[in-house]
Amino acid sequence: MAKTAKKAQPPAPPADPMPRRVEPCVATLVDKPPKGPEWAFEVKWDGYRLAVHVEPGEVRAITRGGYDWTKKFGGIVGEARELGHASMIIDGEAVVLDDQGRSDFGLLQRAVGKKPSLHEPSEIIFYAFDLLYLDGYDLRSLPLAERRRRLELIVAGRTGAIRFSEEVDADGAKFFRAACELGLEGIIAKCRDKPYHAGRRPEWLKIKCARRNWFVIVGYEPSTIPGAIGRLILAARKGDDLVYVGGCGTGWSNQESVALRELLNAIPAERPPVGLKRKGAVFARPLLIAEVEYRAWTQDGKLRHPSFKGVQEMEGPSDVYEISNHERD
């Protein structure tokens, strides 16, 4: 009697279903590097935080805010398909390097933007620093050291669009001084034995050579130069309200200043968006945000030594710096 052929069994489901999105772990700002052998140090990359999701038949690049930017990062997506694993989620930062090998957010913005740029999208590099999911298993409960060990096996030694964000074996204070002398944005310290948790966490710390955040532009003060801006009027979020945090009068060319004034004149406000009376000030609706680099906060809650770095439309309140009672970053 002929044997009945056995029916093919469906493949076993993964031990851990792959999440469509992972809320990223965000580092807490501190003034100086921590001490102790439990801390690992990396360069703080100045770019777009991305989670690269590799799935059978699909690769996605998801921003910190949850936006799908796969089309903007074609080089990274293409190389992720070649890493040799059916499914994984890699946490990292997309950057463009300047002539001295430093990540530059302005160069990255232009490379992914619509305007002509000296930098091509192919120059965008993804520095991978964490592995959250691999071939059916959620790795977020593992210690950082183990997640990094598995990530290193996948991406270490690569020199293309995806590279390994190396740990720096050095004293934190010495590394921070060296990073600032080299003109880097700062360093990151991570606790080796901690799992991965979403949100701003004390086990990930950032130490900045200069702080940089996004603030709402609520108006400007005219310059003595015809058609230009003398000073931007800036605000931050505090709960559901906007709070005045001072002004910014440097960081742009005369051409950029004139263009900014034209943008703000096109969105006039019927009343000041913040509680501020300033003779000669021109107020605008809070639709645009400015990236501002600054050294610290004054005791009365104003930006110290601010410098303008860029402008873009505000997509949502989460784009804007929020004032907290516990930290200012």
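User: Which side chain does Arg20 meet in a salt bridge?
Analyst: In this predicted model, the side chain of Arg20 meets that of Glu58 in a salt bridge, with a distance of 3.5 Å from N to O. Arg20 lies in the segment before strand S1 (25-29) and Glu58 lies in strand S4, so the pair ties together parts that are 38 residues apart in sequence.

User: Is Glu58 buried, exposed or partly exposed?
Analyst: Glu58 has a relative accessibility of 31%, and it therefore counts as partly exposed.

User: How many salt bridges does the structure hold?
Analyst: The structure holds 23 salt bridges. Another one of them joins Glu221 and Arg278, whose closest N and O atoms are 2.8 Å apart.

User: Where do Glu221 and Arg278 lie?
Analyst: Glu221 lies in strand S11 (residues 211-222), while Arg278 lies in the loop between helix H5 (254-265) and strand S14 (282-283), so this pair ties together parts that are 57 residues apart in sequence. Glu221 is buried, with a relative accessible area of 18%, whereas Arg278 is partly exposed, with a relative accessible area of 31%.

User: What about Arg102, which residue is its salt bridge with?
Analyst: Arg102 forms a salt bridge with Asp98, and the closest N and O atoms of this pair are 3.0 Å apart. Asp98 is buried because its relative accessible area is 17%, which is under the 20% cut-off, while Arg102, at 24%, is partly exposed.

User: Changing topic, how many cavities of 30 Å³ or more are there?
Analyst: The count comes to one cavity of 30 Å³ or more, and the largest cavity has a volume of about 80 Å³. Of the 13 residues that line the largest cavity, those closest to its centre are Val22, Pro24, Leu50, Ala51 and Ile62.

User: Which strands supply at least two residues of that lining?
Analyst: Strand S3 (48-55) and strand S4 (58-63) each supply at least two residues of the lining of the largest cavity. S3 gives the most to this lining, with four residues.

User: And how do the lining residues divide into nonpolar, polar and charged?
Analyst: The residues that line the largest cavity divide into seven nonpolar, two polar and four charged ones.

Technical notes. Residues are numbered from 1 along each chain as its sequence is written. This is a predicted model: local features need pLDDT of at least 70, side-chain atom pairs count only at pLDDT 80 or more; totals for chains, interfaces and linings use all residues. Side-chain values use heavy atoms; hydrogens and water are left out. On a 1 Å grid over the protein atoms alone, a cavity is a set of points where a 1.4 Å probe fits but cannot get out, and a pocket is an open set with protein on both sides within 12 Å along at least five of seven lines; lining residues have an atom within 4 Å of a point. Grid points are joined across faces, edges and corners, and a volume is the space filled by probe spheres set on the points. Ala, Val, Leu, Ile, Met, Phe, Trp, Tyr, Cys and Pro count as nonpolar, Asp, Glu, Lys and Arg as charged, and the others, Gly among them, as polar. A salt bridge is a side-chain nitrogen of Lys or Arg within 4 Å of a carboxyl oxygen of Asp or Glu. Buried means under 20% relative accessible area, exposed over 50%, partly exposed in between (1.4 Å probe, protein chains only).
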